[in-house]
Number of protein chains: 2
Amino acid sequence: MAEETEISQLGEFGLIDRLTSGTKTEDPSTLTAVGDDAAVMQYVADNDTRVLVTTDMLLEGVHFDLTYVPLKHLGYKAAVVNFSDIYAMNGTPRQITVGLGVSKRFTVEHLEALYEGIKLACGIYGVDLVGGDTTSSRSGLVISITCLGTAKASDVTLRSGAKDTDLICVSGDLGAAYMGLQVLEREKTASAGQSDFIPDFAGKEYLVERQLKPEARRDIVKDLHEAGIVPTSMIDVSDGLSSELLHICKASGVGCRVYEDRIPIDYQTAVMAEELNMNLVTAALNGGEDYELLFTVPLTDLQKIEKMKGVKLIGHITRQELGCVLVGRNDEEIQLKAQGFTHL
Amino acid sequence: MAEETEISQLGEFGLIDRLTSGTKTEDPSTLTAVGDDAAVMQYVADNDTRVLVTTDMLLEGVHFDLTYVPLKHLGYKAAVVNFSDIYAMNGTPRQITVGLGVSKRFTVEHLEALYEGIKLACGIYGVDLVGGDTTSSRSGLVISITCLGTAKASDVTLRSGAKDTDLICVSGDLGAAYMGLQVLEREKTASAGQSDFIPDFAGKEYLVERQLKPEARRDIVKDLHEAGIVPTSMIDVSDGLSSELLHICKASGVGCRVYEDRIPIDYQTAVMAEELNMNLVTAALNGGEDYELLFTVPLTDLQKIEKMKGVKLIGHITRQELGCVLVGRNDEEIQLKAQGFTHL
């Protein structure tokens with residue numbers, strides 16, 4: 001058993017010192033980080049720079065289950081999902097603040113593992129941890145991360161710019177994170193009461209990784225930039241493709257047609273859907289937490305998009321009165337619904 | 001009984017629409033607020049502008065007790081304590097994001113009351129509500145607010161700039177919010193089991209108001225600016241004077257001498273301390289949540305400080321080796337301790 005230190009032994013300030021020790025700031029826009037009433041940033045001083053801010057709250061028992069989510073992975077994921085929101089604006093994440101509520105069952109070592117994951121994500125994505133608030137909670141763990149980023153004014157991509165005839169594109173593949181959750185839940189059930197239980201993830205490694213350690217699509221934002229493409233609208237797929245398509249269509253005042261046979265789905269996702277006797281398309285449309293980028297580009301960017309790796313053209317934008325439609329393999333039309341993956 | 005709407009009737013997106021309806025953005029730096037993956041800001045494009053960020057997490061049962069804290073007051077306070085952190089940097093709060101975790105016992109009307117308080121605070125302090133995340137919680141209410149602000153580079157006031165011989169100043173009076181909490185707790189105990197109980201706050205109105213509806217000292221930041229004073233260090237008194245003095249001394253590598261008879265204490269605070277048989281100075285030193293500003297200025301600013309309303313000179317900075325000392329009424333010297341008002 002590793003050494004365990006009760007949080008009360010360090011106190012609030014001692015704990016913060018320990019958790020944030022060794023955090024170096026790397027982004028030139030960070031002037032002062034942890035250790036004052038607020039962090040201080042100096043962004044590029046031109047009329048073309050926009051500052052972006054997004055926030056996410058994760059609660060134990062709602063968004064994560066610590067029986068199968070290692071704290072380091074949780075920290076990594078909590079940071080990455082915020083970076084994903086900044087990439088979905090076609091921006092660059094630069095700083096995060098971390099709010100934590102922790103109940104008595106957590107030790108200093110637990111929080112160090114969580115912070116290790118947060119710092120790892122920050123290191124990989126080049127984001128600075130600049131502040132936070134750590135407090136006690138009556139029950140469970142609460143994580144609230146806020147991310148600041150920047151973008152050039154001409155790059156900022158909202159949800160509201162999609163236009164009739166625009167192409168609809170999505171990165172990576174969909175439904176795998178949701179299937180990963182099913183694998184983890186299944187093994188949790190199978191393990192009930194067995195302390196020596198070894199979970200069986202054979203052939204499901206990709207699904208489990210997508211659920212436990214998602215990545216934000218910085219590479220896609222970079223590729224778009226290098227290809228000279230500014231999407232007309234963009235959103236990250238956190239609540240499921242269906243829900244995100246409806247967000248874009250509502251915000252842009254348009255409709256859409258997406259084609260079932262074009263939705264990118266990994267082989268492991270398909271196998272798992274069959275094992276669970278679940279409809280694969282439903283899983284891909286409504287399973288959340290993929291953190292892929294869904295975006296629209298003008299028809300004139302077709303050739304550029306076709307050359308991009310890891311991006312799939314799944315449909316096109318229509319006039320609003322044509323509705324939001326999924327075209328099935330037999331040309332049947334299904335109205336998209338915001339079933340989503342909401343926690344309310 | 002007022003109409004009650006279950007949150008599930010609206011769903012996440014319907015709820016967010018309802019809570020954020022009617023929020024207008026006023027600050028010219030806010031370009032896009034609620035409704036996208038991130039909010040978009042454009043701060044003044046000069047090399048002299050700094051962006052500030054601070055975050056606070058409040059948890060039910062730890063930071064607030066809904067048996068005596070009205071939700072509207074709670075929302076107001078949750079916003080104001082964040083503004084206070086930006087003022088403590090000698091800056092101006094501009095935007096906030098609000099993360100909420102809510103359990104099933106809360107209705108839409110409850111959250112509307114909470115948001116009413118947040119929006120009221122935003123309106124009064126000229127801050128825009130630009131984003132958030134609302135999710136379910138397994139138990140109780142969680143509020144996480146992040147505040148963005150700006151300051152001129154030459155105005156930014158850290159905790160680390162205090163120098164030997166600097167004067168130590170504090171705004172308003174101390175200990176009242178802590179005494180307000182004692183009043184509320186006393187009435188809660190007295191009310192146990194009585195549905196028709198009417199709490200008695202006679203002669204304690206100021207204390208209760210300081211606890212339930214604190215204000216951030218925007219006026220002091222303005223007065224300092226108009227007097228041409230840039231403090232050498234500043235912090236807001238959220239955890240008690242003693243703890244905040246130690247923060248400044250540690251960050252600045254200095255010591256301090258503060259005088260017991262100079263600590264500003266309201267009459268109601270003194271009366272309540274006597275009723276509770278509590279040491280008044282201990283309450284003023286260690287009682288938290290006053291949200292006054294504690295700052296240091298060079299000796300050369302003495303005359304300017306003496307002219308400022310609502311600011312009291314309570315001592316001076318010394319060399320580090322002289323320690324952090326409270327000088328009592330009989331010239332006895334007491335080492336300051338970071339007893340504080342921590343929730344860990």
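**Exercise 1: The interface**

A:Leu52 stands opposite B:Val40 in β2(B). This is a predicted model, in which local features need pLDDT of at least 70 and side-chain atom pairs count only at pLDDT 80 or more, while totals for chains, interfaces and linings use all residues. Residues are numbered from 1 along each chain as its sequence is written, and chains are lettered from A, with ligands numbered from 1, in the order in which they are written.

Task: determine which strands pair across the interface, and how many residues are in contact.

Step 1. Three bridges join β3(A) to strand β2 (residues 39-41) of chain B, and the two run antiparallel. Strands are DSSP runs of E, at least two residues long, numbered from the N terminus; a pair requires at least two DSSP bridges.

Step 2. In total, 63 residues of chain A are in contact with 62 residues of chain B (C-beta atoms, placed from the backbone, within 7 Å). Strand β3 (residues 49-59) gives the most to the chain A side, with 10 residues.

**Exercise 2: The symmetry**

Task: identify which rotation superposes chain A on chain B.

Step 1. A rotation of 180° with 0.0 Å of shift along its axis superposes them, with RMSD 0.0 Å (least squares on C-alpha atoms of residues with pLDDT of at least 70 in both copies). That is the relation of a two-fold axis.

Step 2. The C-alpha of A:Ala45 is the nearest to the axis in chain A, at 2.3 Å.

**Exercise 3: The sheet**

Task: give the strand order of the open sheet in chain B.

Step 1. Seven strands follow the order β8-β10-β7-β11-β9-β12-β13, with mixed pairing.

Step 2. In chain B, β8 (233-236) and β13 (333-335) each have a single partner strand, so one side of each lacks a neighbour in the sheet.

Conventions. Two residues are in contact if their C-beta atoms, placed from the backbone, lie within 7 Å. Helices (H or I, at least four residues) and strands (E, at least two) are DSSP runs, numbered from the N terminus.
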